[in-house]
Amino acid sequence: MEEIESESCDDEIVKKIMHVMRAAPHGTIYTYEGLEMILIMAAYDQDISVAFIDDGVYALKKGQNTEGIEMKGFAKTFGALDGYDVEKLYVDQISLEERGLTEDDLVVDVEILSSAEIGKLMTEQDVVVHH
Amino acid sequence: MNIGILLKEGPYNHQAADTAYKFAEAAIKKGHTIDAVFFYNDGVINATKLMDPPQDDRHIASRWAHLCQEHGVQMLACIAAAKRRGINDDVLIDCGTITGLGNLTDIAIRNDRLITFGD
Amino acid sequence: MLHTINKSPFGNSSFETSARFLQPGDPVLFIEDGVYAVQANNKFSAALNEILKNNPVYALAPDLNARGIAEITAGVKSIEYEGFVELVEEHQVSSWL
């Protein structure tokens, strides 16, 4: 049964789509609406990855409490992306270090890569969307 | 070549809508097909026909309507982003459509390029 | 992969950040306020010259003209929207915002 499923998938076009998060989470809506886009695209069986660069890494920071600003918190949703088959989460090492953060400060398991490594992955994409 | 455009910023406030339009115009002139312009984030404000700039300024909504009417470019506003910002069918430019992000995904899949303009 | 940059390097990190992600040969196109990066003899000229060693660099002429930028760093090519389209014909696009 699994074989049949994978065979039928071979006919489908699977595109490599990378979402780049570069904005901090609450000051602007870009990260939140970016996440909404990722969740929808994830339902289309594409090869989705998400790269967190510059202030984008703040989206993954532990301990965010948005109650006082009356905005929806969504760090947990990033943490649950593997449930949507979005498993390729890349964090730019320099961006993390510049902000005095380590992997332990993040809400989800990510792959911490050099900028050059993420840049190489970027060149392999069919579509790159910066948020 | 078939090209989709993702426009993530509103008109006038930022140059993104102008650059996207000039790019689309140049691409069409070179024989390419612009499949759709998908408005996201504040970009959905590009889709309101209520905009009324001074007469000596460019009319950005009319530009989009023109691309749609003359060159068959779909003008699509994301429904979730549009609802947040008060854009609905009543104010939509001629031949604009309010649609879901699934449509953007299809645009990303079926075109040779998806190019983003924004702030 | 074509990288476009649309922010002035004086007010936004996209120029300096994107430089770390460029692969050799990736073309870079400055548009909108991004074109301030290519004005000759500015604070970013040295960084731009580093990029020019491995990457072709372009700036959108209408945006240069609109901002009164006449002298640009040697090696940077000024192109029209048509040239922008030609770059997109050859490459997928990463639009740094």
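**Close-ups of a two-chain predicted model**

**View 1. Helices on the chain A sheet.** Helix α2 of chain A (residues 30–42) packs on the sheet and touches β1 and β2 (47–52). Its direction makes about 165 degrees with that of β1(A). Then there's helix α5 of chain A (residues 115–123), also packed on the sheet, with β1, β2, β3 (88–92), β4 and β5 of chain A all touched by it. For α5, the angle to the direction of β3(A) is about 140 degrees.

**View 2. The whole chain A sheet.** Here's the strand order: β4-β3-β2-β1-β5, an open sheet of 5 strands with parallel pairing. Out at the edges sit β4 (111–113) and β5 (127–130) of chain A, each pairing on one side only. On average, neighbouring strands are turned by 25 degrees against each other, ignoring direction.

**View 3. Over to chain B.** Follow chain B along its sequence and you read β-α-β-α-β-α-β-α-β, which comes to 4 helices and 5 strands. Chain B has a radius of gyration of 13 Å, close to the 14 Å from the globule rule for 119 residues, so it's as compact as a globular protein of that length. Its C-alpha atoms fill a box of roughly 35 × 30 × 25 Å along the principal axes.

**View 4. Inside chain B.** Of the 119 residues in chain B, 53% are buried. Among contacts in chain B with a separation of 6 or more, 73% come from residues 24 or more positions apart.

Terms used: Residues are numbered from 1 along each chain as its sequence is written. Chains are lettered from A and ligands numbered from 1 in the order in which they are written. This is a predicted model: local features need pLDDT of at least 70, side-chain atom pairs count only at pLDDT 80 or more; totals for chains, interfaces and linings use all residues. Helices (H or I, at least four residues) and strands (E, at least two) are DSSP runs, numbered from the N terminus. The radius of gyration is taken over C-alpha atoms; the globule rule is 2.2 Å times the number of residues to the power 0.38. A residue is buried if 20 or more other C-beta atoms lie within 10 Å of its own, exposed if 12 or fewer, and partly exposed in between; C-beta atoms are placed from the backbone. Two residues are in contact if their C-beta atoms, placed from the backbone, lie within 7 Å. Two strands pair if DSSP finds at least two bridges between them. Axes are lines fitted to C-alpha atoms, for helices over the stretch in contact, and angles run from 0 to 180 degrees between N-to-C directions.
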